[in-house]
Every structure is written in C-alpha cells, then in structure tokens.
Amino acid sequence: MNKIRALIVDDSSVMRKIVERSLRQAGVDLEKVVEAGNGAEALGVLKDNPVDLILCDINMPVMDGLEFVRQLGTVENSKGVPVVMITTEGSESHVVQALSAGARGYIRKPFTPDQVKEHVLPVLEKKS
Amino acid sequence: MSPNAATAASSHQEDWLPILELAIQEVFEIMLGCRLEPADAAEHQTAPELTAMVGLAGSACGILSVCCSNRAASAIADHMLGPENSRSEDHIWDALGELCNMIAGNFKNKLSGVDGSCMLSVPTVITGGEYSFHSLADGGCIECSMLFEGALVVIRLDLHS
C-alpha cells in the first residue's frame, strides 16, 4: 500500500491523537496527517492539503460530520476521497445517514486498533 | 415528581445501572487499557476537582457526569494519549470530556428502543469543586463510584422522567 495522507476531523485534540496512533497501529503507512476541529475547518484545510483518507467525528460544533461529508464534493481535488466516520453515535439511523451522505465506513467509539484496521484498510484497498 | 414518574425512575435506576457499569468498563478497557475497581465513595471523601458533563436529549434524557480529582484526570489523559505524547492542562480537560462523551454514547447505544432517537451534546468540563449542581432532570439518578489507579472516579446519570 502507498504512503497515505490523512485528515482527522474531531473536536477533541486527544481523540485526534488516538485516531492517528490507531491508524499507525493498524499498519497504515502515514506520509502526512493534517487535523481539523470541525467540518468547516476541515473544508478549509483540504483546500491546501489534498489527502487520500479522511476520518471524521459526527458530533462537532460549527459544522458536524454529516454536513462535512455532504459538502466534501465542493472542494477541488477532494471528490471521491474516502471518509470513515469515527463517532459515539452508534445507532443504525446514524450509520444510514452517514453512508447516505457519502461515508465509506463507520467506526463506533470506543474502538480498538483492530476495528480501525477492519474498517479502514478495505476502503484504502478499494481506492488504490 | 408524580407517582408514575417516580415508579418509572426507580425502574430505570434498577435496569440501567448494570448497563451503565458495563458501558463505563468497556470505555476504560478499550480506550485506556485498564479496568476499574468498584469503590465505596464514603471511604474516599474528596471533593471533585474536575467534572465533565454530556447532555442526552430525546427518548433518553438527562445529564451524564464524570467527577474526579486532578490526579485521576491526569492519569486518564496519560493513558489516552500514550507515552509518545506530552500532555497539557487542555489535554487533561479534553481527555475527561471525551471520556464522558464515550461513556454516554456507549451507554445509550446499549439501551434498547433508544437508538437514533437520543442525541448527545458536546462535552463541557468544569474545573473546581465549589459549585452546586441543579439539574432540571427529575427522574432520579444512577451513580457508579469506581477506583482508577487508586483514585475515585464518580460517574452519575441524572435522568429526566
């Protein structure tokens, strides 16, 4: 698998570090990691930082993760970038909403590195 | 509280306590890599120095709070961040808020019939113990007192009837 540039979107800086660590433990070869604290900030970050993978929370201030996924296609070079949601919102209706909005995967918090591996690697393999 | 509300609240307290305990243990085991031990809060009488809160709204309604000492919160942040990351005061507050958020989410995801009709707020963290808590939730409360690395952590769910 090629080196991966990832964007991690979560309003918790501690959770962003946990997600990055879990990606590395899952065997994802990270070339670069950029971060954002909400969906609106993430759309701005993407303009200057093209990425191969996005991991995104749902419940965030300013712009939530579902709205971010809906607006992702409006950012140049970001159409088709796979998004995996990582969230405490674990209900079926949230999963359906996320997948309908364009997310490719869904991980419920709390999560293990194995769960990250299980949900992220297939998405990256499909992309490559 | 009306008699019906009191009965419902009592039933919730009995039914939901083991679910809350399981939700707490899972979060600590999976995200921090350690188990909590049950504690007798009366034996560890120290005023909480930090309180994290997350609101639940919808079919399950109330406030979940996590209260602990600065020492316990620092240890929680250390476990969540791992040895490769240094931690600041902001990290400690953030870690406690996120822990509270995950417990609330894990708890509501385990409740049958609640599913997507219950939403969580973003977490709030209060520093200092000199405050009074007045919740409009009138459905009683469920409380779990646990020991994390020898320090008391109290997790409380105040319910709306």
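Author: A helix is here a DSSP run of H or I with at least four residues, and helices are numbered from the N terminus. The model is predicted. With that definition, just after helix 2 of chain B one finds B:Gly82, whose phi is positive, at about 85°.

Reader: What span should helix 2 of chain B have, and how far apart are its end C-alpha atoms?

Author: The expected span is 1.5 Å times one less than the number of residues. Helix 2 of chain B has 12 residues and should therefore span 16 Å, which agrees with end C-alpha atoms that are 16 Å apart. Its buried residues are B:Ala72, B:Ala73, B:Ala75, B:Ile76, B:Ala77, B:Met80 and B:Leu81.

Reader: What does helix 1 of chain A reach from its first C-alpha to its last?

Author: Helix 1 of chain A, residues 13-25, reaches 19 Å with its 13 residues, close to the 18 Å expected at 1.5 Å a residue. Its buried residues include A:Arg16 and A:Lys17, as well as A:Ile18, A:Val19 and A:Leu23. A:Gly27 follows this helix, with a positive phi near 95°.

Reader: In which sense do strand 1 and strand 2 of chain A pair?

Author: Strand pairing rests on at least two DSSP bridges. Strand 1 (residues 4-9) and strand 2 (residues 30-36) of chain A pair in the parallel sense, over six bridges. From strand 1 the chain passes through helix 1 of chain A to strand 2, a β-α-β crossover that is right-handed. Strand 1 of chain A also runs parallel to strand 3 (residues 53-56) of chain A, joined to it by four bridges. There A:Val9 stands opposite A:Cys56.

Reader: Is A:Ile107 buried or exposed?

Author: A residue counts as buried when 20 or more other C-beta atoms lie within 10 Å of its own. A:Ile107 counts as buried because it has 20 C-beta neighbours inside 10 Å. The residue is found in strand 5 (residues 105-108) of chain A. Beyond its neighbours within four places in sequence, A:Ile107 is in contact with A:Val84, A:Met85, A:Ile86, A:Gln115, A:Val116 and A:His119. The C-alpha atoms of A:Ile107 and A:Met85 are separated by 6.0 Å, although the two are 22 residues apart along the chain.

Reader: Which residues in the largest nonpolar core touch the most other members?

Author: That core has 82 residues, and those touching the most other members are B:Ile24, B:Val66, B:Ile76, B:Leu96, B:Leu99, B:Cys100 and B:Ile103. Helix 3 (residues 89-110) of chain B gives the most to this core, with 10 residues. Leaving out residues up to four places away in sequence, B:Leu99 touches B:Val27, B:Ala52, B:Val66 and B:Ile76.

Reader: How many residues does the contact take from chain B and from chain A?

Author: The size of an interface is often given as the accessible area lost when the parts come together. Counted by residues, the contact here takes 23 from chain B and 22 from chain A. Helix 1 (3-32), helix 2 (70-81) and helix 3 of chain B each supply at least two residues of the side of chain B that touches chain A. Helix 3 of chain B gives the most to that side, with 10 residues. By class, the side has 10 nonpolar, nine polar and four charged residues.

Reader: What pattern does chain B follow along the sequence?

Author: Chain B has three helices and seven strands, in the pattern α-β-β-β-α-α-β-β-β-β. Of its 161 residues, 41% are buried.

Definitions and conventions. Residues numbered from 1 in each chain as written. Chains lettered and ligands numbered in written order. Predicted model: local features only at pLDDT ≥ 70, side-chain atom pairs only at ≥ 80, totals over all residues. Core = buried A, V, L, I, M, F, W, Y, C linked by C-beta atoms within 7 Å. Buried ≥ 20, exposed ≤ 12 C-beta atoms within 10 Å, placed from the backbone. Contact = placed C-beta atoms within 7 Å. Nonpolar A, V, L, I, M, F, W, Y, C, P; charged D, E, K, R; others polar. Right-handed = clockwise from strand over helix to strand, strands pointing away.
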